[in-house]
Structure formats: structure tokens, C-alpha cells
Amino acid sequence: MVRSSPQGNSSSPSSTNNPIRSNPFTSSQVPPVHLAFFAPKNLSTKETCLSPLSLPLCYMYRFGTTSQSDPIHFMKNVHQHTLSIAILASTALGAHAIEPTNHHTTLPTYKEHTRTLATDGLPDTHFWSDRNPRRGDIFQVDFAQSLKGKNVFVHSGQANGRDQIHNANLQVSADGKQWKTIGRFRQGKAQGKVTFDATKARIAFYGDGWSWVVIREIKISSDPLTLISKEKTINYGDKKIPLKITVDIDGAQSQQKVIDDLIERYFIEWPMIAKLLDAPLPTTPKHLYLCFYSKMGHPAHVSGTTMVISTNHLKNHTKDTYGVFTHELTHFVQNYRGKAPTWFSEGTADYIRYMLHTESLWARRNLKHQNRKNPLGSYWSSTAFLIWLEKTYKKPITAKVSCACSDGKYNDAIWQQLTGKSLEELTKLYQAEN
């Protein structure tokens, strides 16, 4: 659990029957007097003014478009009033919005972060569980209309990336008995297209989670999916290797050309990296998931088979992003199962980046500013040490050590075996040279 919050209601699984018109505002967001002004005389305030259809009008009043002394003159009767609301709502919410009718979950709710907030269309509200999800937990939404032909999008997690959904699938069903998986959660998001008359969508956990979960939004839309997948079989020596990359371009659509370049580089660089590291083919990952995130304080990272690149770095440092991609792709190929030293893991990733981008500004700058004081300091400091080792001993030392890390058999004795000297002796020799 990533925070220590007082536990909310931990009662047994339950469901809510919420009307199509529901209140997406809290009293602090829109004063009741403002809402009540727009209620038609023969309709209740609860049903009309707290409806998503009344939001555009409430905004008009709050920001001065209308006032109590200047009634909405174009609404002559109840029918005109309702029609006008519907027209305005179609602009704000989408003319073909599909509203939920029921919410079911096995996850108890934390405080006021109720289930319906996952489908209210507002960016600042969300459902929040008050325990970690377990295998078999679900979060389900039922709809009155068919979802066929629509796309389902689910966003989870806080703005800082915590409380994302993991170990779960996005599924749809027509009867609540037979479920079809249309998406898998990666980096807290899932999406998929509905191809049959489903009226139910759910998040189904197939494994335990390691934190409470925040469901920011479940959206039914005709917006295009942001996932791109490409497969290619490459030649690797006398073998045929099937590779696949799946990219979520959400938030980075404006950089489509660069993303297309990265996709092609994946198929070109994967075999080059695998060869330089003498990677064991049976255990080397062959399906990369790539996505982009704006709230990152570093250019990129890899976790398992997922690579995350900073959207800001992609946009503002495009040329460097190609090198960053190579560095992170090396981590993807490394897939070290043992306790590989951090200095070697990071030093090797920059070593591969150097070997594949020797003419880049990054490589030229680092070659001019080599610091021998800390050869086990990770990144370029360790890369320079590895380059020195290979030049000095005329052996593919990096590949040999990498293989030991991949097999889970690394220990410091390997340096003695490869060079006749201990790692400590090697670092002292390296530091002594000018």
C-alpha cells in the first residue's frame, strides 16, 4: 500500500442503481441556488438541475451569461427547455453519449470516492478503493444501450502515477456470463473495440495488486484507439525471430513521425543489441510495449517489457530521444534474471548506445569528457571503463558478463576468469592510466 489512509467501508460487494441523470458536481463546485434557477416548474430540481444535461446551462449562469433578472428567453415552455438543454449537452458531452445504468464492484470504496465517479466525465473526480485488489475482483458498469462499434477507454491512477491498475483485463459482455477480453492494462490504461452487442464492461483482476486503485475514467467513445501494433519476422543468423511492438500514442499524437521512426528502429536495433550482448534467444523478450508519459522527471525507463518515454523529452529533445530509446531497448533485451550490478547494467546500456550512435552529439561529447575517478559509477563512467577493458584485453568482455547476468550466474569472480585480475585491480589500473 502506498499510503496510510484510514480505511473506508469494507462491507461485502455491492452495486448501485444510479439514474441516467446523476450529479457530477459537489456542493462546493456549483451552489444549489444557481442550479435551482434552471429547473422547469413541472420537473424536480433533483432530476433536472443535477443532471449532466444541465451542465452547460449551469456554467452559463455561473460565468455571467444569464442572470435571474434576465431569464432564458428562448425557453418558452417545458419542451423547449428540455430541447435546448439536449442541444447544449450534445455539444458538451457528445451527441451519442452512452450513459451507464449500474455500477458493481467487489472493491470497497474509500471515503467519498464512489463508483459512479468513474463514469462522470469529469477529470478531477475518480473512484478510489480502500484496499488492494485481489485476484477475482471486478469493477463493472452496465449500460442501457449496445456498445457495438464503440471503443472503451479506461484510465487509472493518480496524477503522480500511483494507484494504477495492474494485473487486470478490460472485458465486455452481452449477458454478464460470457465475457470477452478486449484490452489489457499496461501503465494503468486499457482500451479496446466492441465488436458485438455488449451492454456491460468490466475490469477483471487476474492477479493481486500492490496498491489501492484509482479509476479516473471509463469512457465509451467513437474516438480512435491510440494503440498501434506492428509485427515483423527478422533474420537472426540462420534463425527467424518474430518480433512485435505495441505503442500507445496517447498524449504524443503530434509526434507521430518520430514514433513511426522508433517503431522501425525497434526491428533494426533489437537484433543488433542481441548480437552485441550475445543474448540467449529463448529468454530474450520479443514483444515491447511503448508508451509516453508527461509527468516524468527523467527521459525514460523500462519496467519488465514496458518502456515509458517522457512526452516532453520526445517533443523537446527529439534527436536525443533516439539514443535514449536505444539505451532503454538494451535494458529490455538484457532481461537480467540475476542480481546484475547496477553499474554494469547501466554502463552496458550506454555502451550499446555508443556502439549504435557513435557519431551522435551525445557520443562525441562524452568521449571528450571522460572521468576515470568512478568507473563503477554507472552510465557513461562505467561505459568508458567497459570500452577500456575490451581494448586492453581484446575480448568481448561486455557480452560475456552480460550472458552471466542473463543466466543468473553473475559474481565478481568472472572478471578474474576473463582478465586474470580482480575487479578491484582492474579499476585501479584503469584509474592509473592517463
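View 1. K394 follows α10 and has a positive phi, near 50°. Helices (H or I, at least four residues) and strands (E, at least two) are DSSP runs, numbered from the N terminus. A word on the model before we go further: it is predicted, so local features need pLDDT of at least 70 and side-chain atom pairs count only at pLDDT 80 or more, while totals for chains, interfaces and linings use all residues. Residues are numbered from 1 along each chain as its sequence is written, and side-chain values use heavy atoms, leaving out hydrogens and water.

**View 2. Helix α10 is largely enclosed by the rest of the structure, because eleven of its 15 residues are buried.** Buried means under 20% relative accessible area, with exposed over 50% and partly exposed in between (1.4 Å probe, protein chains only). Among the buried residues you will find W380, F385, W388 and Y393. The buried residues of α10 pack against α8 (342–356), α9 (361–368), α11 (397–406), α12 (413–419) and α13 (423–432). The length of α10 (residues 379–393) also agrees with expectation: at 1.5 Å a residue its 15 residues should span 21 Å, and the end C-alpha atoms are 21 Å apart. The expected span here is 1.5 Å times one less than the number of residues.

**View 3. Helices α8 and α10 pack at an angle of about 75°, their axes 7 Å apart.** That makes α8 roughly perpendicular to α10; the label covers 65 to 115 degrees, whereas angles under 35 degrees count as roughly parallel, over 145 as roughly antiparallel and the rest as oblique. Axes are lines fitted to C-alpha atoms, for helices over the stretch in contact, and angles run from 0 to 180 degrees between N-to-C directions. Contact means heavy atoms within 4.5 Å. On the α8 side, look for W343, F344, E346, G347, T348, D350, Y351 and Y354, which meet Y379, W380, S382, T383, F385, L386, I387 and E390 in α10. The residues of this contact divide into nine nonpolar, four polar and three charged. Here Ala, Val, Leu, Ile, Met, Phe, Trp, Tyr, Cys and Pro count as nonpolar, Asp, Glu, Lys and Arg as charged, and the others, Gly among them, as polar.

**View 4. Five strands make an open sheet with the order β11-β12-β13-β15-β14 and mixed pairing.** The edge strands, β11 (227–236) and β14, each pair on one side only. From one strand to the next, the twist averages 20°. Two strands pair if DSSP finds at least two bridges between them. Ten bridges join β11 to the antiparallel strand β12 (residues 239–248), and Y236 has K239 in β12 as its bridge partner. Helix α7 (residues 318–334) packs on the sheet, where it touches β13, β14 and β15, and its direction makes about 15° with that of β14. Helix α5 (residues 256–276) lies across β11, β12, β13 (287–293) and β15, running at about 30° to β11.

**View 5. Strands β14 and β15 form a hairpin with two residues between them.** Four bridges join β14 (residues 300–303) to β15 (residues 306–310), and the two run antiparallel. H301 stands opposite V308 in β15. In the turn, G304 has a positive phi of about 65°.
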